[in-house]
Amino acid sequence: MEKIELTARLKSQLKAWQRAEITGYHTYLWLANSIKDEHNRQVVVRIAHQEMEHYHTFRAYTGEDVSPDRIKIWFFYPIARVLGLTFGIKLLEQEEERVQRAYAEVLNSIPEIAEVVREEEEHEDKLLGMLDEEALKYAGSVVLGLNDALVELTGALAGLTLAFQNTRLIALTGLITGISASLSMAASEYLSSRAEAGETNPLKSAVYTGVAYIFTVFILILPYLILQNYLLCLAWTLVNAILVIAFFNYYLSVSRDLPFSRRFAEMALISMGVAAFSFGLGFIIRQFFGIEV
């Protein structure tokens, strides 16, 4: 490798890459030690070794060792453990890509690094494609549970809020409605999965759908169990609905490389539209029937 005279700024940029790679190396090794599935463990170990190769590539230019970012290791490790390997690893790779985009001028100063970076990224993409995570197989079932709960229960709670104007009664009615709907949705997903005879297990599909539905029910009803003002409860519920939509769409956008903005806007628009319609319907019904609770 030809020795290149580095400016102080160029050397600092290369060292930033070095630190990102050595941080990734330690994070992946730490993760690998906690993975029970041997196939996934070996894939993560290979990704870790790839990161170390990147580190040495940049070290050949800087001539210095760099310590890992311990804060990022402690940040990404629990994320990958809780939200899944694919999500955690892709999130870490996105962080590295942001560093690389910020220092694009380095590739102009040292052209041979561009080819090295391109090849290493291709290798990492192949390794990421080898990961076999159960949670991602059933992402469709989780989407089904979340979508139905968000649309149906957000609308129901909006209608019940103006019709009853009693937080405890709204919470009780919403809870009964939500649990019944989650069981019905899980049963429907089980029968649908059995009929399709795909790669997923029908029982697991039903469980993922039901759990996602019940989780969303709890998040939406929670304000009515804490506050007394029914309008504040509705506002908080709508905020919770938006947060659930944002979180899950972000998770899918990272894990499955799906567009975030369009999917988020679509789900949010549908959920809020149904809630607005139901709120108006609750007002009309209350006035028409003269209901007083």
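Author: Contact means that heavy atoms lie within 4.5 Å of each other. Among contacts in this chain between residues at least 6 apart in sequence, 78% join residues at least 24 apart. The model is predicted: local features need pLDDT of at least 70, side-chain atom pairs count only at pLDDT 80 or more, and totals for chains, interfaces and linings use all residues. Residues are numbered from 1 along each chain as its sequence is written, and side-chain values use heavy atoms, with hydrogens and water left out.

Reader: How many helices and strands are there in the chain?

Author: Helices (H or I, at least four residues) and strands (E, at least two) are DSSP runs, numbered from the N terminus. The chain has twelve helices and zero strands.

Reader: Where does a kink lie in helix 10?

Author: The bend at a residue is the angle between axes fitted to the seven residues ending there and the seven starting there. In helix 10 a kink of about 35° lies at Leu220, shortly before the proline Pro223.

Reader: Does Ala268 count as buried or exposed?

Author: Buried means under 20% relative accessible area, exposed over 50%, and partly exposed in between (1.4 Å probe, protein chains only). Ala268, found in helix 12 (residues 260-289), has 9% relative accessibility and therefore counts as buried. Leaving aside neighbours within four places in sequence, Ala268 is in contact with Ile242 and Ile245.

Reader: Which residues have the most contacts inside the largest nonpolar core?

Author: A nonpolar core is a set of buried Ala, Val, Leu, Ile, Met, Phe, Trp, Tyr and Cys residues joined through side-chain atoms within 4.5 Å. The largest has 55 residues, and those with the most contacts inside it include Tyr28, Leu31 and Val44.

Reader: With which residue does Glu64 form a salt bridge in which the closest N and O atoms are 2.7 Å apart?

Author: A salt bridge is a side-chain nitrogen of Lys or Arg within 4 Å of a carboxyl oxygen of Asp or Glu. Glu64 forms that bridge with Lys11. Glu64 also meets Lys15 in a salt bridge (2.9 Å, N to O). Because Glu64 lies in the loop between helix 2 and helix 3 and Lys15 in helix 1, this pair ties together parts that are 49 residues apart in sequence.
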